[in-house]
Amino acid sequence: MIYLILAFFTGVILVVQMYMNSQLSARLDSFNGVFYNYFIAVILFLLYFLLKPDLFTTGMARLSTADTWMFGGGLIGILVVILCNFSFKKLSATYTTSLIILGQLIAAILIDRYFGIIIGTKEITGILMIASGIAYNSYITSRS
Amino acid sequence: MKIANSTPLLTGFLIAVMVTINTSLSVNIGESYSVFIIHLTGLIILLLAAFLLKQKVRYKNSIPFWLYLGGGLGIFIVLFNNLTIQNIGVSLALSLGIAGQIITSVVLEHIGFLGTIQKKFNPSMLPGVILVLAGSIIIIV
């Protein structure tokens, strides 16, 4: 249950970060908004590793155990930012957000199936309720 | 139907693939070090792109310093995603995360968080918000 609450809380942090980021982007530019995101994270980690150098050395030692594709997340992250910017400029915000959410849920269910993770009826019901709530709100927003 | 119209759908797919890949890295090389590597590769790609597209890193003293620190929250977002996906799978982690985003944005918009334009809560959205909240509670409890 702790992980379920943590997953919800991650969404809360994400929105707070998006607010901070959009403020920064508006006062600098969109490149700098994204840049500081990554830059600050890297700097904070370097400071953290100064305090705990063994975390850095064990991580370095384990790097070679990972397959190359596992390092693709950083690249996809940048791609996602670019595609989001593009969509929000060209398409309506409501349409964009609802389709991004729909895409995530479809892909997530397929990925879980691929890894053999079975989701119970209770959980499926919850996911469908969340999805229909979002669809309903998108409909209301697009009408007003 | 223009191809551009399906961009957000593709973006959603990519997000799900990305968090899965990041989780694999986390399982292989460790929780904190993987989050560092993910941000470092992102930073390197950004700097390359900046060089090619002639973008400049800028800093303005007039902007409150803490606004630059959003990346600190980014660490926890990636870390928590990796932790939760390992334990509850991608579908539950993402759907609850999305629910958290919806509820938070309704609240922050209503109060005009960080000096943004206040948008009073539209009561006709209430059924949608209740569905999102109820769906989350059903999954969590």
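In the predicted model, the contact between the two chains takes 90 residues from chain A and 89 residues from chain B. On chain A, the side that touches chain B receives at least two residues from each of six helices, namely α1 (2–27), α2 (30–51), α3 (53–62), α4 (73–90), α5 (93–114) and α6 (121–143). The greatest contribution to this side comes from α1(A), which gives 21 residues. Classified by residue type, the side of chain A that touches chain B comprises 60 nonpolar, 24 polar and six charged residues.

The largest nonpolar core contains 67 residues. Within this core, the residues with the most contacts are Ala7(A), Ala108(A) and Ile130(A) from chain A, together with Ala16(B), Val90(B), Ala93(B) and Leu96(B) from chain B. Helix α1(B) provides the largest share of the core, amounting to ten residues.

One of these core residues, Ile130(A), belongs to helix α6(A) and is buried there. When residues up to four places away in sequence are not counted, Ile130(A) touches Ser95(B), Ile98(B), Ala99(B), Val132(B), Gly135(B) and Ser136(B). The helix that carries Ile130(A) has 23 residues, and its span of 33 Å from first to last C-alpha is close to the 33 Å expected at 1.5 Å a residue. Besides Ile130(A), the buried residues of α6(A) are Glu123(A), Gly126(A), Ile127(A), Met129(A), Ala131(A), Gly133(A), Ile134(A), Asn137(A) and Ser138(A). In an α-helix, residues three or four places apart point the same way, because there are 3.6 residues a turn. The buried residues of α6(A) pack against α5 of chain A and also against two helices of chain B, α4 (90–111) and α5 (126–140).

Chain B was also considered in terms of its domains. The domain assignment divides chain B into domain 1 (1–88) and domain 2 (90–141). Taken over C-alpha atoms, the centres of these two domains of chain B are separated by 22 Å. Their contact takes seven residues from domain 1 of chain B and four residues from domain 2 of chain B. On the side of domain 1 that touches domain 2, the elements of chain B giving two or more residues are α1 (7–29) and α3 (70–88). Of the elements on this side of domain 1, α3(B) gives the most, with four residues. The residues on the side of domain 1 of chain B that touches domain 2 are four nonpolar and three polar, with no charged residues.

Conventions: Residues are numbered from 1 along each chain as its sequence is written. Chains are lettered from A and ligands numbered from 1 in the order in which they are written. This is a predicted model: local features need pLDDT of at least 70, side-chain atom pairs count only at pLDDT 80 or more; totals for chains, interfaces and linings use all residues. Domain bounds come from an automatic or database domain assignment. Ala, Val, Leu, Ile, Met, Phe, Trp, Tyr, Cys and Pro count as nonpolar, Asp, Glu, Lys and Arg as charged, and the others, Gly among them, as polar. A nonpolar core is a set of buried Ala, Val, Leu, Ile, Met, Phe, Trp, Tyr and Cys residues joined through C-beta atoms within 7 Å. A residue is buried if 20 or more other C-beta atoms lie within 10 Å of its own, exposed if 12 or fewer, and partly exposed in between; C-beta atoms are placed from the backbone. The expected span of a helix is 1.5 Å times one less than its number of residues.
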